[in-house]
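Try each task yourself before you read its solution.

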Amino acid sequence: MVEWTDSERSTITAVWDRINVDEMGPETLKRVLIVYPWTKRYFGRFGDISSTAAVLANDKVANHGKVVLKALDKAVENMDDMHSVYAPLSQLHCEKFNVDPVEFRLFADCLTIAVGCKLGKDFPPHVQGTWQKFLSAVVEALSSFYF
């Protein structure tokens, strides 16, 4: 279990409060699919995602990005119990979707980039470090069923 200071909790909440899920969710998932094209294998039911232009125009990708990012709210609200909160999601991604848990890290990294682009000077190294600690805990929780 991750230990959180009061300062880290408030930093994570402050960053989360500035994220527009409807914008950043699609942006992040599209970034994952474009930068790491092998991740497209998990989204065959989403229609055409064969090119950058197709990914950027795909409504199913955009909608799923929103779903993924909305699920991050559970982690913000349950920082001390992420493993329990994400256990069903971890099991689903492991057993039904066969997602390599490394892909969770790729999404987290792309989200950090998107947050940095959005927040600019309001995302200095110490805030980024706290945010990445948080996302590492989320990735660990989502990977818990695998190990």
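**Exercise 1.** Are H4 and H7 roughly parallel or roughly perpendicular to each other?

*Solution.* Keep in mind that you're looking at a predicted model.

Step 1: Find the helices and their angle. H4 covers residues 59-77 and H7 covers residues 125-142, and their axes cross at roughly 105 degrees.

Step 2: Compare that with the cut-off. Angles of 65 to 115 degrees count as roughly perpendicular, so H4 and H7 are roughly perpendicular to each other.

Step 3: See who touches whom. H4 brings Leu 72, Ala 75 and Val 76, while H7 brings Trp 131, Phe 134, Leu 135 and Val 138. Sorted by class, that's seven nonpolar residues, with no polar and no charged ones.

**Exercise 2.** Work out how H1 lies against H4, and which residues make the contact.

*Solution.* Step 1: H1 spans residues 6-17, and its axis crosses that of H4 at roughly 155 degrees, coming within 11 Å.

Step 1: Anything over 145 degrees counts as roughly antiparallel, so that is the label for H1 and H4. The crossing of H1 past H4 is left-handed.

Step 2: On the H1 side you'll find Ile 12, Thr 13 and Trp 16; on the H4 side, Leu 69, Leu 72, Asp 73 and Val 76. This contact splits into five nonpolar residues, one polar and one charged.

**Exercise 3.** How many residues does the largest nonpolar core have, and which elements give two or more residues to it?

*Solution.* Step 1: The count is 44 residues, and those with the most contacts inside the core include Leu 69, Leu 72, Met 82 and Trp 131.

Step 1: H1, H2, H4, H5, H6 and H7 each give two or more residues.

Step 2: Zoom in on Met 82. Beyond its neighbours within four places in sequence, Met 82 touches Trp 4, Ala 75, Phe 134, Ala 137, Val 138 and Ala 141.

Methods
Residues are numbered from 1 along each chain as its sequence is written. This is a predicted model: local features need pLDDT of at least 70, side-chain atom pairs count only at pLDDT 80 or more; totals for chains, interfaces and linings use all residues. Side-chain values use heavy atoms; hydrogens and water are left out. Axes are lines fitted to C-alpha atoms, for helices over the stretch in contact, and angles run from 0 to 180 degrees between N-to-C directions. Helices (H or I, at least four residues) and strands (E, at least two) are DSSP runs, numbered from the N terminus. Angles under 35 degrees count as roughly parallel, over 145 as roughly antiparallel, 65 to 115 as roughly perpendicular and the rest as oblique. Contact means heavy atoms within 4.5 Å. Ala, Val, Leu, Ile, Met, Phe, Trp, Tyr, Cys and Pro count as nonpolar, Asp, Glu, Lys and Arg as charged, and the others, Gly among them, as polar. A crossing is left-handed if the near helix is turned anticlockwise from the far one by less than a right angle, and right-handed if clockwise. A nonpolar core is a set of buried Ala, Val, Leu, Ile, Met, Phe, Trp, Tyr and Cys residues joined through side-chain atoms within 4.5 Å. Buried means under 20% relative accessible area, exposed over 50%, partly exposed in between (1.4 Å probe, protein chains only).
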